[in-house]
Structure formats: structure tokens, C-alpha cells
Amino acid sequence: MTVRLDERQRAMLAEMGIRWYEPLVLADAERRDPATVQEPAPDLARPRARPAAEPAVTRTAEVMVAESSPVELMGWDELRQAVAACQACQLCTGRRQTVFGVGDRQADWLVVGEAPGENEDLQGEPFVGSAGKLLDNMLKALGLDRRHKVYIANVLKCRPPANRNPLPQEVAQCEPFLRRQIQLLQPRIILAMGRFAVQSLLGSNDPIGKLRGRVHRHGEIPVVVTYHPAYLLRNPADKARAWDDLCLALDALGRQPG
Ligand code: SF4
């Protein structure tokens with residue numbers, strides 16, 4: 001079959017630098033012999049059929065909000081206030097503001113990034129600037145936008161100085177906030193974007209390239225690993241792989257109970 005995308009979806013894929021007619025996720029036999037493939041054409045409004053040989057889930061990450069933590073009992077507003085006032089790690093000293101998260105609190109989709117950068121620190125919202133624009137285009141290709149059907153959050157709520165990598169103790173201090181966001185949101189699918197999101201959600205230090213292409217679990221919630229949009233801006237050749245990851249997530253979402 002051939003891929004059937006409407007004009008809007010084609011335009012979004014073009015924004016991502018992806019040719020719309022490229023085959024999407026292929027069954028194993030098709031991967032071995034792409035010359036023979038006549039790829040089915042999934043309608044993006046509907047989940048695609050699950051490949052018969054798709055590997056099962058890999059790992060369940062331990063939910064790390066301690067039962068004794070008051071964070072575990074917080075509602076959205078209280079949690080946002082707690083983040084805004086947090087001084088649990090050294091990152092509080094250099095931030096302009098905390099970056100709590102944005103989106104639809106009834107969303108099926110949760111996108112988890114790493115940490116605020118300069119623009120996020122200025123605006124108080126995750127994924128802004130060029131990387132945010134690319135994420136928005138990726139979401140639009142799925143028929144989503146950052147205010148509807150999606151919630152977007154980072155592992156860290158404060159910007160590391162000079163955009164350095166988060167330190168393990170900073171991640172450990174901040175993780176309970178993300179855990180509580182996940183508990184409150186109860187998403188049906190999580191997109192883990194980038195190494196630190198993966199480490200936090202799956203407890204894995206494996207590289208993205210080794211983890212993507214299959215469905216993992218955070219508790220009972222399916223997790224699909226993909227590249228961070230900032231990485232894709234530096235490595236546009238991997239945008240097609242990111243599109244494959246989005247299709248995999250769409251497929252995994254379709255297998256979840258509604
Ligand atoms: S990064 Fe997280 S733990 Fe550290 S001060 Fe900010 S909100 Fe608190």
C-alpha cells in the first residue's frame with residue numbers, strides 16, 4: 001500500500017524536512033527486503049496495525065515519588081506553586097523562572113524533554129525557539145498542538161547554567177515533580193525526547209539510537225524514545241527516524257484502551 005497523507009500533513013512533514021512518500025515503520029520481513037515493499041498507507045487519524053513481530057516492552061521504570069513525599073499529594077495548582085518556590089538544588093540560584101510545563105491536562109500525549117534552555121528560562125515555557133518550532137511541526141503532523149491533546153514538560157524545571165548537562169543529583173531532586181505530573185495527567189503515551197528524559201523515565205543509560213524503534217514502559221504507560229528536536233536541528237538526516245518514532249507512538253497509542 002502507499003502512504004496517504006493529506007495536504008496539511010504533507011506540509012508538516014516538509015517542515016520537518018521529510019519526504020512524505022517515504023515508507024514508515026516496516027514489518028521485519030519488509031525491513032530485510034525493502035525492494036519488495038508496497039507499504040500500507042496508514043491514515044494518521046487511525047492507529048496502524050501492529051507489526052506481528054514487534055518486540056514487547058522492555059523495561060519498567062520505578063516510579064520515584066516517595067509515598068511520604070508531599071509532592072505525591074499535590075494537585076496541579078499546588079504542584080506548580082511548589083515548583084515555582086523550589087530551592088532543592090543549586091539550579092534555583094541561576095534561574096529567571098521555573099519552567100513547569102504547558103498543555104492540556106486531559107491530554108493523551110505527554111512529551112518529556114530535558115531541561116530549560118535560555119529561551120525557556122526567559123519565557124517560562126518548555127520547547128520554545130527553533131527546537132520548539134520543530135516540535136510544534138512534529139505535533140501538527142500528528143494532528144496535535146501544544147495547547148490541545150498534548151502536555152509538554154521537562155525533567156528539570158530550572159535551566160542549568162550555560163545549558164550544561166543536568167547533574168545526577170539535580171535530576172534526582174527534580175524528578176518527583178515530573179512523576180507527579182505524570183500521575184496527575186495519566187497520559188496514554190509518552191514521547192521521551194533526548195538522553196536525560198530517557199534516563200529519568202526508563203532508568204536506562206543506553207543511547208537513543210539503541211532504545212528507539214520499540215515500545216518501553218514507565219509503569220503501565222507506553223514510552224517511545226526519540227531524538228530531542230534540538231538534536232534534530234543539528235542532525236537533520238535523523239528527522240526521518242524521528243518521524244518513524246512518531247508513527248510508532250501513534251501505533252502504540254492506538255493499542256491502548258481508550
Ligand atoms: S531544578 Fe527542580 S529541584 Fe532544582 S531548584 Fe529547580 S525545581 Fe527545584
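Where pLDDT is low, the predicted coordinates should not be read in detail. The mean pLDDT of the protein chain is 81, and 72% of its residues reach 70 or more. This is a predicted model, in which local features need pLDDT of at least 70 and side-chain atom pairs count only at pLDDT 80 or more, while totals for chains, interfaces and linings use all residues. Residues are numbered from 1 along each chain as its sequence is written.

The ligand is surrounded by 14 residues. A residue counts here if its C-beta atom, placed from the backbone, lies within 6 Å of the molecule. Cys86, Cys89, Cys92, Cys158 and Cys174 are the closest. Helix H6 (residues 168–185) contributes three residues, the most to this shell. Helices (H or I, at least four residues) and strands (E, at least two) are DSSP runs, numbered from the N terminus.

The largest nonpolar core has 63 residues. Such a core is a set of buried Ala, Val, Leu, Ile, Met, Phe, Trp, Tyr and Cys residues joined through C-beta atoms within 7 Å. Helix H10 (residues 239–254) supplies the largest share of this core, eight residues. Ile190 and Ala192 are among the residues with the most contacts inside the core. Beyond its neighbours within four places in sequence, Ala192 is in contact with residues including Val112, Leu201 and Val225.

His216 lies in strand E6 (residues 215–218). His216 is buried because 24 other C-beta atoms lie within 10 Å; the cut-offs are 20 or more for buried, 12 or fewer for exposed, and partly exposed in between, with C-beta atoms placed from the backbone. His216 and Ile190 are 26 residues apart in sequence, with 9.6 Å between their C-alpha atoms.

Technical notes:
Contact = placed C-beta atoms within 7 Å. pLDDT = per-residue confidence, 0-100.
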